[in-house]
Amino acid sequence: MIQTPASPETETLLIELPRTIGLYVTQEQFTALAAANRDLRLERTALGELIVNPPTGWKTGKLNWSISGELYLWWRNAGEPGKAFDSSTGFILPNGATCSPDACWVSRERWQALTPEQKGTFANICPDFVLELRSSSDRVQSLEAKMTEYIDNGARLGWLIDPQQRLVEIYRPGLAVEVLENPSELSGEEVLPGFVLDLRRVWD
């Protein structure tokens, strides 16, 4: 749904966009839209198509909070290496897409290498670690394509967590996707040394 801004000469109109019709925006237009619609989680594909994600339901929100909290605790206890971010943060990937992982982390070296212009509103970087949590309305195929896009653009480790099926897909550069059925925990491996995510909180 698109809402046009009101002005003295116009009135607000609501337009329903069928799924078969894409809305394409430039990066500058996307930044303006994101600033004007902070209650929505907006993303932009590499081709410029606008993706509008409505607010999550309470179950997904609770899980996002728990997972982001675990990542934050690891970050604090590890001496605050790099930068950790939650689902409200957008990044401009090298291919031009603007994406918002549900949780992610960028190494100190790569973050410090960015210029002030590259940090901007949306940092021009793909996080080293990305996590996507499937909600009931998410299509698995779309999330899998998104995870592959992260890896292709520089991510070193990616987790796609599906609470409904109790499945985890692990993405790594140059390797086949590893699928785990009902795992009890996940290791951050060499990307996030010492980080272990307890999945019992997610499966409950």
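Contact here means heavy atoms within 4.5 Å. By that rule T31 touches T121 and F122, not counting residues up to four places away in sequence. This is a predicted model, in which local features need pLDDT of at least 70, side-chain atom pairs count only at pLDDT 80 or more, and totals for chains, interfaces and linings use all residues. Residues are numbered from 1 along each chain as its sequence is written, and side-chain values use heavy atoms, with hydrogens and water left out. Helices (H or I, at least four residues) and strands (E, at least two) are DSSP runs, numbered from the N terminus. Buried means under 20% relative accessible area, exposed means over 50%, and partly exposed lies in between (1.4 Å probe, protein chains only).

**Helix α1 and T31**

- T31 lies in helix α1 and is partly exposed, with a relative accessible area of 25%.
- The C-alpha atoms of T31 and L180 are separated by 37 Å, and these two residues are 149 residues apart along the chain.
- Helix α1 (residues 27–36) has Q27, F30 and A34 as its buried residues.
- Seen down the axis of α1, these buried residues fall within an arc of 55°, so they line one face of the helix; the arc is that of the directions from the helix axis to the C-beta atoms.
- An α-helix has 3.6 residues a turn, so residues three or four places apart point the same way.
- E28 and A36, on the other side of α1, are exposed.
- The buried residues of α1 pack against β3, β4 (50–53), β6 (91–92) and β7.

**Helix α2**

- The 20 residues of helix α2 (residues 58–77) should span 28 Å at 1.5 Å a residue, and its end C-alpha atoms are 28 Å apart, which agrees.
- The expected span of a helix is 1.5 Å times one less than its number of residues.
- In α2 the buried residues are T60, L63, N64, I67, S68, L71, W74 and W75.
- Viewed down the axis of α2, its buried residues fall within an arc of 125°, so they line one face of the helix.
- W58, K59, W65 and N77 are exposed residues on the face of α2 turned away from its buried side.
- Packing partners of the buried residues of α2 are β5 (83–86), β8, β9, β10, β14 (196–198) and α6 (200–203).
- G79 follows α2 and has a positive phi, near 90°.

- Of the 6 residues of β10, 6 are buried, so the strand is largely enclosed by the rest of the structure.
- Both faces of β10 are covered, with L157, W159 and I161 buried on one side and G158, L160 and D162 buried on the other.
- Two strands pair if DSSP finds at least two bridges between them.
- β9 and β10 run parallel and are joined by 5 bridges, and F129 stands opposite L157 in β10.
- β9, α5 and β10 make a right-handed β-α-β unit.
- A crossover is right-handed if, with the strands pointing away from the viewer, the path from the first strand over the helix to the second runs clockwise.
- On β10, strand β11 (residues 167–171) pairs in the antiparallel sense over 5 bridges, and V168 in β11 is the bridge partner of I161.
- β10 and β11 form a hairpin with 4 residues between them, and R166 in the turn has a positive phi of about 55°.

**Salt bridges**

- A salt bridge is a side-chain nitrogen of Lys or Arg within 4 Å of a carboxyl oxygen of Asp or Glu, and by this rule there are 11 salt bridges.
- D102 and R41 form a salt bridge, with the closest N and O atoms 2.8 Å apart.
- That pair links distant parts of the chain, since D102 is in the loop between β7 (98–99) and β8 (103–106) and R41 is in strand β3 (residues 41–44), 61 residues apart.
- D102 is buried, with a relative accessible area of 4%.
- K146 and E132 meet through their side chains in a salt bridge (3.1 Å, N to O).
- K146 lies in helix α5 (residues 140–152) and E132 in strand β9 (residues 129–133), so this pair ties together parts that are 14 residues apart in sequence.
- K146 counts as buried at 12% relative accessibility, and E132 counts as buried at 2%.
- D162 and R134 meet in a salt bridge (3.0 Å, N to O).
- D162 lies in strand β10 (residues 157–162) and R134 in the loop between β9 and α5, so the pair ties together parts that are 28 residues apart in sequence.
- D162 and R134 are both buried.
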